[in-house]
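Dear colleague,

I am handing over the structure below, and after it you will find notes on what turned up when I went through it. Please read them alongside the coordinates.

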Amino acid sequence: ATEAAATAKTTDADLQALAQCHSEAYATLLHALVGTLNAQDTNQRHKTDCLMVLMNCAKMLPDTRPTILGALRGLDKNWEQVLTDKEQGRDLYGTTLGRLHEYMLVLLSRVCDHAL
């Protein structure tokens with residue numbers, strides 16, 4: 001457990017250093033994550049993972065929220081179609097919307113500076 005905590009702290013510190021000292025690389029990372037969300041050939045698990053990373057960046061690095069929001073402006077019709085398909089599936093089969101919608105809501109709330 002201690003090793004996992006040390007790894008998590010290192011990861012947090014690395015992410016903070018990336019965002020602060022290497023802002024261009026951080027922005028490139030954010031745009032790559034958004035590109036994965038837009039990709040038609042990316043499965044839902046990978047899209048969920050990308051949203052989780054973006055969501056956690058918005059939480060851990062509040063100073064970079066405008067940069068994250070700027071990257072999110074790159075979401076395109078393919079991403080919109082993923083969300084629409086989930087909504088239609090919910091309507092047809094009575095299922096919940098799921099993690100994609102949940103994480104997207106949290107992400108947008110965080111980049112808009114709502115306390116979550």
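Cys57 counts as buried, because its relative accessibility is 1%, where buried means under 20% relative accessible area, exposed over 50% and partly exposed in between, with a 1.4 Å probe and protein chains only. Cys112, by contrast, is partly exposed at a relative accessible area of 45%. With a disulfide taken as a pair of cysteine sulfur atoms within 2.5 Å, the count comes to zero disulfides.

Before going further, please note that this is a predicted model, in which local features need pLDDT of at least 70 and side-chain atom pairs count only at pLDDT 80 or more, while totals for chains, interfaces and linings use all residues. Residues are numbered from 1 along each chain as its sequence is written, and side-chain values use heavy atoms, with hydrogens and water left out.

Cys57 is also one of the buried residues of helix α3, which include Lys47, Thr48, Cys50, Leu51, Leu54, Met55 and Ala58 as well; helices here are DSSP runs of H or I with at least four residues, strands are runs of E with at least two, and both are numbered from the N terminus. Helix α3 covers residues 44-60, and its end C-alpha atoms are 24 Å apart, which agrees with the 24 Å that its 17 residues should span at 1.5 Å a residue, the expected span being 1.5 Å times one less than the number of residues. At the start of α3, the backbone nitrogen of Arg45 has a side-chain oxygen of Asn43 within 3.1 Å.

Helix α2 (residues 23-38) has 16 residues and reaches 23 Å from its first C-alpha to its last, close to the expected 22 Å. Its buried residues are Tyr26, Leu30, Leu33, Val34, Leu37 and Asn38. Seen down the axis of α2, these buried residues fall within an arc of 150 degrees, so they line one face of the helix, the arc being that of the directions from the helix axis to the C-beta atoms. The face of α2 turned away from that buried side carries the exposed residues Glu24 and Thr28.

Arg65, which lies in helix α4 (residues 65-72), is buried with a relative accessible area of 13%, and, leaving aside neighbours within four places in sequence, Arg65 is in contact (heavy atoms within 4.5 Å) with Ala58, Lys59, Arg110, Val111 and Asp113. Leu108, in helix α6 (residues 99-111), is partly exposed at 34% relative accessibility, and its C-alpha atom is separated by 9.0 Å from that of Ala58, 50 residues apart along the chain.

Conventions: Polar contact = N/O pair within 3.5 Å; in protein donor to acceptor, adjacent residues only side chain to side chain.
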